[in-house]
Amino acid sequence: MSNEQKAKPLLTNREREVFELLVLDKTTREIAQQLFISEKTVRNHISNVMQKLNVKGRSQAVVELVRLGELKI
């Protein structure tokens with residue numbers, strides 16, 4: 001098995017869910033309600049992803065995730 005096949009996905013399943021909803025123009029509150037988590041948890045997931053990608057802001061994170069093929073719009 002090559003290293004690429006073993007590579008850990010960039011996003012956790014939950015982070016991916018949060019960003020898939022963000023792309024659909026959902027608010028933090030709507031995402032929290034839909035995933036049955038707190039708004040603070042939603043913000044934490046978004047913040048974690050922004051740190052992983054070394055970007056400032058949600059929209060930059062979305063652009064970068066799409067560029068990396070991690071997210072489809």
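Reply: In this predicted model, the largest nonpolar core has 19 residues, of which Val18, Phe19, Ile31, Val42, Ile46 and Leu65 touch the most other members. Two or more residues each come from helix 2, helix 3 (28-35), helix 4 (39-53) and helix 5 (58-67). Helix 4 makes the greatest contribution to this core, five residues. As a general background, nonpolar side chains in soluble globular proteins tend to be buried together.

Ile31 gives a view of the core from one of these residues. Leaving out residues up to four places away in sequence, Ile31 touches Val18, Leu21, Leu22, Lys26 and Val42. Val18 and Val42 are, like Ile31, among the core residues that touch the most other members.

Ile31 also takes part in the packing of helix 2 against helix 3, where it meets the partner helix together with Gln34 and Leu35. From helix 2, the residues in this contact are Arg14, Glu17, Val18, Leu21 and Leu22. The axes of the two helices come within 10 Å and cross at roughly 130 degrees. Helix 2 is therefore oblique to helix 3. The crossing of helix 2 past helix 3 is right-handed.

Helix 2 spans residues 13-23 and also carries Glu15. Glu15 has a relative accessible area of 4%, so it counts as buried. Its side chain makes a polar contact with the side chain of Lys52, at 2.6 Å. Apart from neighbours within four places in sequence, Glu15 is in contact with Leu10, His45, Asn48, Val49 and Lys52.

When residues up to four places away in sequence are not counted, Arg43 touches Thr28 and Arg58. The C-alpha atoms of Arg43 and Arg29 are separated by 9.8 Å, with the two residues 14 apart along the chain.

To return to the core, helix 2, helix 3, helix 4 and helix 5 each give two or more residues to it. Val18 of helix 2 and Ile31 of helix 3 are both in the contact between those two helices, and both are among the core residues that touch the most other members.

Notes
Residues numbered from 1 in each chain as written. Predicted model: local features only at pLDDT ≥ 70, side-chain atom pairs only at ≥ 80, totals over all residues. Heavy atoms only, no water. Helix = DSSP H or I, 4+ residues; strand = E, 2+ residues; numbered from the N terminus. Buried < 20%, exposed > 50% of the residue type's maximum accessible area, 1.4 Å probe, protein only. Polar contact = N/O pair within 3.5 Å; in protein donor to acceptor, adjacent residues only side chain to side chain. Contact = heavy atoms within 4.5 Å. Core = buried A, V, L, I, M, F, W, Y, C linked by side-chain atoms within 4.5 Å. Axes fitted to C-alpha atoms, helices over the stretch in contact; angles between N-to-C directions. Parallel < 35°, antiparallel > 145°, perpendicular 65-115°, else oblique. Left-handed = near helix turned anticlockwise from the far one by under 90°.
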